[in-house]
Amino acid sequence: GVNRLHGVAFEWNETYQAMGRSTGHREIGLIAQEVEAVFPELVTTWGAEGYRAVDYGRLTAVLLEAVKAQQQQIRTLEQRLSDLERQ
């Protein structure tokens with residue numbers, strides 16, 4: 001899931017600027033097409049050109065579950081290491 005996503009820094013293109021949606025400075029985010037391939041429910045498409053936008057608010061739930069899964073893996077590895085050290 002989340003391992004297939006890449007954080008990127010980017011500048012808004014001229015089309016986005018012309019629409020008045022640009023912030024005028026460098027941004028950090030995700031590539032919507034990558035998010036859509038893994039979590040299509042987190043991406044909306046708008047405009048005749050089919051622009052995509054990531055719903056970062058709902059992405060939080062996905063990230064929370066990923067952190068919980070990592071914590072379980074860490075606990076499992078810690079237990080295995082502890083068991084090995086006792087041998």
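1. Asp55 caps the N-terminal end of H3, with one of its side-chain oxygens placed 3.2 Å from the backbone nitrogen of Gly57. The model is a predicted one, and the distances in this note should be read with that in mind. Asp55 also takes part in a salt bridge with Arg58, where the closest N and O atoms are 2.8 Å apart. Asp55 is partly exposed, at a relative accessible area of 28%, and Arg58 is likewise partly exposed, at 41%.

2. Helix H3 itself covers residues 56-86, and its 31 residues reach 45 Å from the first C-alpha to the last, which is close to the 45 Å expected at 1.5 Å a residue. Within H3, Asp83 and Arg86 lie three residues apart, about one turn of the helix, and they form a salt bridge whose closest N and O atoms are 2.8 Å apart. Asp83 counts as partly exposed at 34% relative accessibility, whereas Arg86, at 60%, counts as exposed.

3. Strands S3 (residues 43-46) and S4 (residues 51-54) pair in the antiparallel sense over four bridges, and Thr44 has Ala53 in S4 as its bridge partner. The two strands form a hairpin with four residues between them, and in the turn Gly47 has a positive phi of about 80°.

4. A search of the whole structure finds four salt bridges. One of these joins the side chains of Glu36 and Arg52 at 2.6 Å, N to O, and this pair links distant parts of the chain, since Glu36 belongs to helix H2 (residues 32-38) and Arg52 to strand S4, 16 residues apart. Glu36 is partly exposed at 25%, and Arg52 is partly exposed at 37%.

Definitions and conventions
Residues are numbered from 1 along each chain as its sequence is written. This is a predicted model: local features need pLDDT of at least 70, side-chain atom pairs count only at pLDDT 80 or more; totals for chains, interfaces and linings use all residues. Side-chain values use heavy atoms; hydrogens and water are left out. The expected span of a helix is 1.5 Å times one less than its number of residues. A polar contact is a pair of N or O atoms within 3.5 Å; within protein, one must be able to donate a hydrogen and the other to accept it, and residues adjacent in sequence count only if both atoms are side-chain atoms. Two strands pair if DSSP finds at least two bridges between them. Buried means under 20% relative accessible area, exposed over 50%, partly exposed in between (1.4 Å probe, protein chains only).
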